[in-house]
Amino acid sequence: MLIIPAENTVNWRRPPWVTLGLMMACLLVFLFYQGGDERKLDAALEQYLESDLLALEAPAYEEYLQREIRFEGNQQRVLELQEFQQLQENEDVLWQAATLLLDREFFQYLQQNRDLIWAPAERTCWLEHRSVIEDLWISRMSAYQLGLVPAEFSLYTLITYQFLHGGWGHILGNLLFLFLLGFTVEKALGPGRFLVAYLLCGALSGMVFTVFSSDSQVPLVGASGSISGLMGMYVAIYGLQRIRFFYFLGIYFNYFRAPAIAMLPVWLGKEIYDYWFAGATGIAYMAHAGGLVAGAGLVGLLGQSWLQVKDEFFEPEQEAQDEQFTRAYAQAMASLGRMEFEQARRQFEALRERYPDRPILLEHLYHLAKLRPDLEAYRLRAEELMADAITRHQPEQMVAVWQEYLSKGEAFHPLAPEAHNRVLFASLKRHDFKAAEKAFERMRTRAQPDMVNEACRLLVAEFEKLQMEPKARHYRQLLNPPA
């Protein structure tokens, strides 16, 4: 049974670049670095068979498996013994050789017990040929160079193992889950913190695996531990919020909603159960469990500081916002159509509070306020719309609103001198000198002397440029009145 969170969709206008980069890194490593492993293995097998090491090691391998079954109680070895004996009956020497070469615990057993297993001549032959194969080929394979080998633990492999994979099925499955989980966690944390948290979860996952398999010679490879960390972070970010999960059971699949964090013990319990009872499947269950705990623990410990979720994460995506806006806007317009002006005003005000960057809402509020030009609200909306027009670099709209207000509301509630002054500046830039002079006359009656003098100097300068001396003289006289 498979259960994964599926609460979000990808916003391709803001691609998850780090997630995509990690996927690309894994793929490039698999293709160009690990791509040479097959050639190395083929060479090792050819040299192994030419050296006749199979005749030396095959009997020792059967004895090794029988000892594991008899003294260690490892029942999984029963199946391995039966499979190996079947290979012998079929005289499939290539697969026999591959089995012996790649069983690292068996190789360790041979190194520790070679004096007991073989006579001196056989032991010398084995050491001579096996050492060469190990040095030339096996030790140079990617899993043994950069994979995490618990019995030969190295710090750097806590990072490098996360980018190696065991085959096409392994890497494609991991890349799929990395994408499905990564884009959401990256959006929540931001690219930099997401990358650090991802690698840290992988490292902690590898450490847990090492603790539970400290004597193992089998290298751990793959991004599964890091991806389990993403699953832990995903549900910890949402906490008790009910989110959508996708599940797949046999041929049946569907969605359900549940508190996000409630799935953590379910996933963790499954990994621990499989570790104890699933047998030797080649899956690093404790690495998965370690990743889950690491991811959830990091968010739990650092969620209010370094790993704090970005404020905009829980906001609806732009498409959802557009849909919500369209629906609410239609309701407000319907109120206008029914001439329920007070209801429409409240609806547009609520919309403007949620969507302050949509100028159409301010325009509707201005026109609603214009229905009562005798009220102070009309002046406030007019000044607000004029300031908004300047911010959006639309001086024509500002001047149009100003002129309309002069004809309807100025008699009741005069505009502030600053509003007239802004119109004067905008009109001069547009070479609309008639509107500029009109704005000056409105402004000079209520403005401070400094503002009036500055406006006079601007008007003088503009009229002098146009060689309109009578106009320029008029404003010079206002600037310097006769004693």
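**Close-up 1. Glutamate 57 and the residues it touches.** Leaving aside residues up to four places away in sequence, glutamate 57 touches Tyr48, Leu100, Phe106, Leu110, Trp118, Trp126 and Arg130 (contact means heavy atoms within 4.5 Å). Do keep in mind that this is a predicted model, where local features need pLDDT of at least 70, side-chain atom pairs count only at pLDDT 80 or more, and totals for chains, interfaces and linings use all residues. Residues are numbered from 1 along each chain as its sequence is written, and side-chain values use heavy atoms, with hydrogens and water left out. Glutamate 57 sits in helix α3 (residues 53-71); helices are DSSP runs of H or I, at least four residues, numbered from the N terminus. With a relative accessible area of 0%, glutamate 57 is buried (under 20%, 1.4 Å probe, protein chains only). Its side chain makes a polar contact with the side chain of tryptophan 126, at 2.7 Å (a pair of N or O atoms within 3.5 Å, one able to donate a hydrogen and the other to accept it).

**Close-up 2. Where helices α10 and α11 meet.** The axes of α10 (residues 168-189) and α11 (residues 191-212) come within 7 Å and cross at roughly 130°; axes are lines fitted to C-alpha atoms over the stretch in contact, with angles from 0 to 180 degrees between N-to-C directions. Leu178, Gly182 and Val185 are among the α10 residues here, and α11 brings residues including Phe194 and Tyr198.

**Close-up 3. Proline 470 in helix α23.** Proline 470 lies in α23 (residues 469-479). This proline is exposed, at 57% relative accessible area (exposed means over 50%). From C-alpha to C-alpha, proline 470 and isoleucine 390 are 31 Å apart in space, and 80 residues apart in sequence.

Definitions and conventions: Helix = DSSP H or I, 4+ residues; strand = E, 2+ residues; numbered from the N terminus.
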